[in-house]
Amino acid sequence: MTLDAHLDVRVTQDEREAVRRRASTLGVRPSTWTRAILRDALDERRHEVEALAAQAAVPEPAPELTRLTEQLRRVGVNLNQTRRAGDAVDSSLLHDVLAAVTEIRAYLGDGVSL
């Protein structure tokens with residue numbers, strides 16, 4: 001979608017600051033938030049403001065969790081490739097999977113050991 005038109009709207013200083021605060025809370029530019037409000041008002045099937053709020057509510061994953069998840073993904077890919085090839089699964093690969101899952105569970109506060 002190309003944004004090829006411009007709409008000028010006059011507001012009070014207080015209203016402009018309120019728009020800036022709301023947009024900042026959602027982590028978007030004021031124009032993005034205002035456009036979402038406008039589109040939602042024009043088409044009740046749209047839920048752009050709700051989507052912005054949901055996106056803002058999702059915290060960035062911790063770098064440690066990202067690293068652990070990537071390790072687990074790589075081991076899982078290897079496990080799937082081994083299984084699809086019909087090869088016996090190497091016990092060291094299963095050990096790596098178990099270690100990665102255990103580390104992620106510990107990071108997330110799950111005290112249950114496998």
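How are α1 and α2 oriented to each other, roughly parallel or roughly perpendicular? The legends below start there.

This is a predicted model, in which local features need pLDDT of at least 70, side-chain atom pairs count only at pLDDT 80 or more, and totals for chains, interfaces and linings use all residues. Residues are numbered from 1 along each chain as its sequence is written, and side-chain values use heavy atoms, with hydrogens and water left out.

**View 1. Helix α1 against helix α2.** The two axes come within 8 Å and cross at roughly 95°. α1 and α2 are therefore roughly perpendicular to each other. From α1, the contact takes V19, R20, R22, A23 and L26; from α2, it takes P30, W33 and T34. By class, these are 5 nonpolar, 1 polar and 2 charged residues. Helices (H or I, at least four residues) are DSSP runs, numbered from the N terminus. Axes are lines fitted to C-alpha atoms, for helices over the stretch in contact, and angles run from 0 to 180 degrees between N-to-C directions. Angles under 35 degrees count as roughly parallel, over 145 as roughly antiparallel, 65 to 115 as roughly perpendicular and the rest as oblique. Contact means heavy atoms within 4.5 Å. Ala, Val, Leu, Ile, Met, Phe, Trp, Tyr, Cys and Pro count as nonpolar; Asp, Glu, Lys and Arg count as charged; the others, Gly among them, count as polar.

**View 2. Helix α2 against helix α3.** α2 spans residues 30-42 and α3 spans residues 48-57. Their axes lie 7 Å apart, at an angle of about 140°. α2 and α3 are therefore oblique to each other. On the α2 side sit T32, W33, A36, I37, R39 and D40; they meet E48, V49 and L52 of α3. This contact has 5 nonpolar, 1 polar and 3 charged residues.

**View 3. R39 in helix α2.** R39 is buried, with a relative accessible area of 17%. Buried means under 20% relative accessible area, exposed over 50%, partly exposed in between (1.4 Å probe, protein chains only). Not counting residues up to four places away in sequence, R39 touches M1, L3, R46 and E48. E48 belongs to the α3 side of the α2 contact, and R39 to the α2 side.

**View 4. The largest pocket.** About 790 Å³ of space lies here. The lining has 21 residues; L7, V9, S31, T34 and R35 lie nearest the centre. α1 (13-26) and α2 each supply at least two lining residues. α2 gives the most, with 8 residues. The lining divides into 10 nonpolar, 4 polar and 7 charged residues. On a 1 Å grid over the protein atoms alone, a pocket is an open set of points where a 1.4 Å probe fits, with protein on both sides within 12 Å along at least five of seven lines; lining residues have an atom within 4 Å of a point. Grid points are joined across faces, edges and corners, and a volume is the space filled by probe spheres set on the points.

**View 5. V75 and R74 in helix α4.** α4 covers residues 63-84. V75 counts as buried, at 14% relative accessibility. Leaving aside neighbours within four places in sequence, V75 is in contact with L93, D96 and V97. V75 and D96 are 21 residues apart along the chain, with C-alpha atoms separated by 7.1 Å. R74 is exposed, with a relative accessible area of 52%. C-alpha to C-alpha, R74 and V97 are 9.5 Å apart, and 23 residues apart in sequence.

**View 6. D90 in the loop between α4 and α5.** α5 covers residues 91-107. D90 is partly exposed, with a relative accessible area of 43%. The C-alpha atoms of D90 and L79 are separated by 8.9 Å. Along the chain, D90 and L79 are 11 residues apart.
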